[in-house]
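Please look over the chain shown here, with attention to its fold elements, its nonpolar core, its salt bridges and its surface.

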Amino acid sequence: MTKAKLSPEAVEAFAIRCALGNNGGQWATHYTKDQKMHWRRFVRDLEEWLIKTLAAFNIRGERRDSRVGIWVVERGGKESKIAALGIR
C-alpha cells in the first residue's frame, strides 16, 4: 500500500477535514463520526475491564465525568488516579 503525503495547502485546497494523529505528523488521517464513536466505545470498554479487574482485588475503581482515568477513593476521602489509558 502506498501512502501519499499531503501538504497542509493541499488539504486546505480540497477541504479535507482531517484529524492528525500522534504519528509524527507526516500522515493525514481522516476520521469519520462513526470511527470516533467506535473509538470512544473501545476506550469505555477498556475502562470497564480495568474497573472489573480492580474489583477482583477488592478495589473499587470509578470513572469521573470531568477527569480521565480510573479513580479510587482512599481512606479519609482522598481521590487518586489508579489507572489511565495511553493507546497508540
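The report below goes from the overall layout to the core, the charged pairs and the surface.

## Basis and overall layout

This is a predicted model, in which local features need pLDDT of at least 70 and side-chain atom pairs count only at pLDDT 80 or more, while totals for chains, interfaces and linings use all residues. Residues are numbered from 1 along each chain as its sequence is written, and side-chain values use heavy atoms, with hydrogens and water left out.

The chain holds two helices and three strands, where helices (H or I, at least four residues) and strands (E, at least two) are DSSP runs numbered from the N terminus. Read from the N terminus, these elements follow the order α-α-β-β-β. Of the 88 residues in the chain, 16% are buried; buried stands for under 20% relative accessible area, exposed for over 50%, and partly exposed for values in between, with a 1.4 Å probe and protein chains only. Among contacts (heavy atoms within 4.5 Å) between residues at least 6 apart in sequence, 18% join residues at least 24 apart.

## The nonpolar core

Leu50, Ile51, Leu54, Ile70 and Ala83 form the largest nonpolar core, a term for a set of buried Ala, Val, Leu, Ile, Met, Phe, Trp, Tyr and Cys residues joined through side-chain atoms within 4.5 Å. Helix α2 (residues 33–56) supplies three residues, the largest share of this core. When neighbours within four places in sequence are set aside, Leu50 is in contact with Ile70, Ala83 and Leu85.

Ser80 belongs to strand β3 (residues 79–83) and is buried, at a relative accessible area of 16%. Not counting residues up to four places away in sequence, Ser80 touches Ile70, Trp71, Val72 and Glu74.

## Salt bridges

The count of salt bridges comes to seven, each being a side-chain nitrogen of Lys or Arg within 4 Å of a carboxyl oxygen of Asp or Glu. One of them pairs Glu48 with Arg63, whose closest N and O atoms are 3.2 Å apart. Because Glu48 lies in helix α2 and Arg63 in strand β1 (residues 62–64), this pair ties together parts that are 15 residues apart in sequence. Glu48 is partly exposed, with a relative accessible area of 30%, and Arg63 is likewise partly exposed, at 23%.

Glu62 takes part in a salt bridge with Arg60, at 2.7 Å from N to O, and in another with Arg64, where the closest N and O atoms are 2.6 Å apart. Arg60 is exposed, with a relative accessible area of 65%, whereas both Arg64 and Glu62 are buried, the value for Glu62 being 19%. Through salt bridges that share partners, Arg60, Glu62, Arg64, Arg67 and Glu79 are joined into one network.

## The surface

The chain exposes about 7,700 Å², of which carbon and sulfur atoms supply 55%; accessible areas come from the Shrake-Rupley method with a 1.4 Å probe, and for residues only the protein chains shown count as cover. A nonpolar surface patch consists of Trp39, Phe42, Leu85 and Ile87, which together have about 360 Å² of accessible area. Patches are made of residues with over 30% relative accessible area and no salt bridge, like charges being joined within 9 Å and nonpolar side chains (Val, Leu, Ile, Met, Phe, Trp, Tyr) within 5 Å.
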